[in-house]
Amino acid sequence: MKGELFNSIKILSYFLWEYTQYDNALRLWCCAEDIVCFLSENDIITKEDFMNVISLDKREDMYKDFIRNIAYKIFCYTNNSSNDRNWFIAEKFVRNYECIEACVNAAGIFAGVRKNDDIYKSIRSENARGYISDKML
């Protein structure tokens, strides 16, 4: 599972780089982990769950909250101050088939991670580690 998680995060990081052109690989890696953490926190761990959200009308609150959360994570990790650009990157990201596959695969793994696991030790994002630690309480 550790290898699967690594490959999924690697794919997500690559597309974040491609869409943002931000040059700090570690920050993009952490951004990908935080996006996956957000999905796991919200029980979006299957392709069906994911598709149910992104197939909503763009004016629906649940859709806007979903995209807003991803756009905010992109802003936090890339320091790109353009809200519109971050929003469009988030929408492009969630409509990419490879990203969808990688997101749900990683979110499913995150949902089962425990603090003592080797997988936990491989997670770079402090936010994601905090989430995993908190769910153990």
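Is lysine 64 buried, partly exposed or exposed, and what is its relative accessibility? Lysine 64 counts as partly exposed, at 27% relative accessibility. This model is predicted. Its salt bridges come to five.

**Lysine 58 and glutamate 91**
- The side chains of lysine 58 and glutamate 91 form a salt bridge, with N to O at 3.6 Å.
- Glutamate 91 sits in helix H5 (residues 83-94), while lysine 58 sits in the loop between helix H3 (47-54) and helix H4 (61-78), so this pair ties together parts that are 33 residues apart in sequence.
- Glutamate 91 is buried, at 10% relative accessibility.
- Lysine 58 has a relative accessible area of 48% and is partly exposed. The cut-off for exposed is over 50%, so 48% falls in the partly exposed class.

**Aspartate 61 and lysine 64**
- A salt bridge joins aspartate 61 to lysine 64, and their closest N and O atoms are 3.8 Å apart.
- Aspartate 61 counts as exposed, at 55% relative accessibility.

**Aspartate 65 and arginine 68**
- Aspartate 65 and arginine 68 meet through their side chains in a salt bridge of 2.8 Å, N to O.
- Aspartate 65 is partly exposed, with a relative accessible area of 39%.
- Arginine 68 is partly exposed too, at 43% relative accessibility.

How values were computed:
Residues numbered from 1 in each chain as written. Predicted model: local features only at pLDDT ≥ 70, side-chain atom pairs only at ≥ 80, totals over all residues. Heavy atoms only, no water. Salt bridge = Lys/Arg side-chain N within 4 Å of Asp/Glu carboxyl O. Helix = DSSP H or I, 4+ residues; strand = E, 2+ residues; numbered from the N terminus. Buried < 20%, exposed > 50% of the residue type's maximum accessible area, 1.4 Å probe, protein only.
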